[in-house]
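I opened my notebook to look up one residue and its surroundings. These are my entries.

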Amino acid sequence: MKKMSLRARVLTGAVAAAALGAGTFGAVTANASAPAVESLAAVSADPANRNLQQSTHLTVDAAAKAAQAALDAAEKAGQRVTVAVVDRNGNTLVTLRGDGAGPQSYESAEKKAFTAVSWNAPTSELAKRLAQAPNLKDIPGTLFLAGGVPVQAKGAPIAGIGVAGAPSGDLDEQFAAAGVAALGG
């Protein structure tokens, strides 16, 4: 094999980089345009197909509305709390930390919301289950204290609202329920 000069190697590398860049740019611009017919077909696939499952998700606007309603209920009661709303997968959609809420309330609210949506039950009820199954508390990301409630659509959990910071979990849960009520549920 013939050895290439430094100039030939640099030139070859520059040409290769330019070609790669052009290909990447073309792929990005092609994907940034309107969806292709094939991708539209994938979105509107046959719902009777047993390989697909449809799910309902809470919008960010609805999550913000629920969080604000929960925070308003807490403030009306003179409580300083944090409110978190998570989606069905436990991902945080909205977190509102009220004025003066304790530093621990942020993480606690998220964990309560995650726990509520994971088991589709208020966390006050789940805390009672610890007597029969104490290992539940060892599941990462969960918090078995009152203050989390699920948001349901057709009986299935689609989100969770968690509140933390009030002097009792019962108050936290009351404020979280105000968030659910704001959604009409």
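**Entry: the contacts of one lysine**

I began with Lys 112. Leaving out residues up to four places away in sequence, I found that Lys 112 touches Thr 123, Leu 143, Leu 145, Ala 146, Gly 147, Gly 148, Gly 162, Val 163, Ala 164 and Asp 172. Contact means heavy atoms within 4.5 Å.

I noted what I was looking at. This is a predicted model, where local features need pLDDT of at least 70 and side-chain atom pairs count only at pLDDT 80 or more, while totals for chains, interfaces and linings use all residues. Residues are numbered from 1 along each chain as its sequence is written, and side-chain values use heavy atoms, with hydrogens and water left out.

**Entry: where Lys 112 sits**

I placed Lys 112 in helix α4. Helices (H or I, at least four residues) and strands (E, at least two) are DSSP runs, numbered from the N terminus. Is Lys 112 buried or exposed? Lys 112 is buried, because its relative accessible area is 4%. Buried means under 20% relative accessible area, exposed over 50%, and partly exposed in between (1.4 Å probe, protein chains only).

I then followed the side chain of Lys 112. It reaches the backbone oxygen of Ala 146 at 2.8 Å.

**Entry: salt bridges**

How many salt bridges are there? I counted 4. A salt bridge is a side-chain nitrogen of Lys or Arg within 4 Å of a carboxyl oxygen of Asp or Glu.

One of them joins the side chains of Lys 112 and Asp 172, at 3.0 Å from N to O. This pair links distant parts of the chain: Lys 112 is in helix α4, Asp 172 is in helix α6, and they are 60 residues apart. Asp 172 is buried, with a relative accessible area of 3%.

Another joins Lys 111 and Glu 107, at 3.1 Å from N to O. The two are 4 residues apart in helix α4, so about one helical turn separates them. Lys 111 is partly exposed at 27%. Glu 107 is also partly exposed, at 46%.

I also found Lys 137 with Asp 138, at 3.7 Å from N to O. Lys 137 counts as partly exposed at 48%, and Asp 138 counts as exposed at 51%.

**Entry: helix α4 as a whole**

Helix α4 covers residues 105–119, which is 15 residues. From first C-alpha to last, α4 reaches 21 Å, close to the 21 Å expected at 1.5 Å a residue. The expected span is 1.5 Å times one less than the number of residues.

Besides Lys 112, I listed Ser 105, Ser 108, Ala 109, Ala 113, Thr 115, Ala 116 and Val 117 as buried in α4. Their cover includes β1 (82–87), α5 (123–129), β3 (148–153), β4 (156–164) and α6 (169–182). Just after α4, Asn 120 takes a positive phi of about 50°.

**Entry: Ala 70**

I moved to helix α3 (residues 60–76), where Ala 70 lies. Ala 70 counts as buried, because its relative accessibility is 0%. Apart from neighbours within four places in sequence, Ala 70 is in contact with Val 83, Val 163, Phe 175, Ala 176 and Gly 179.

**Entry: the whole chain**

I finished with the chain. It has 6 helices and 4 strands. From the N terminus, the elements run α-α-α-β-β-α-α-β-β-α. Of its 185 residues, 32% count as buried.

Technical notes
Polar contact = N/O pair within 3.5 Å; in protein donor to acceptor, adjacent residues only side chain to side chain.
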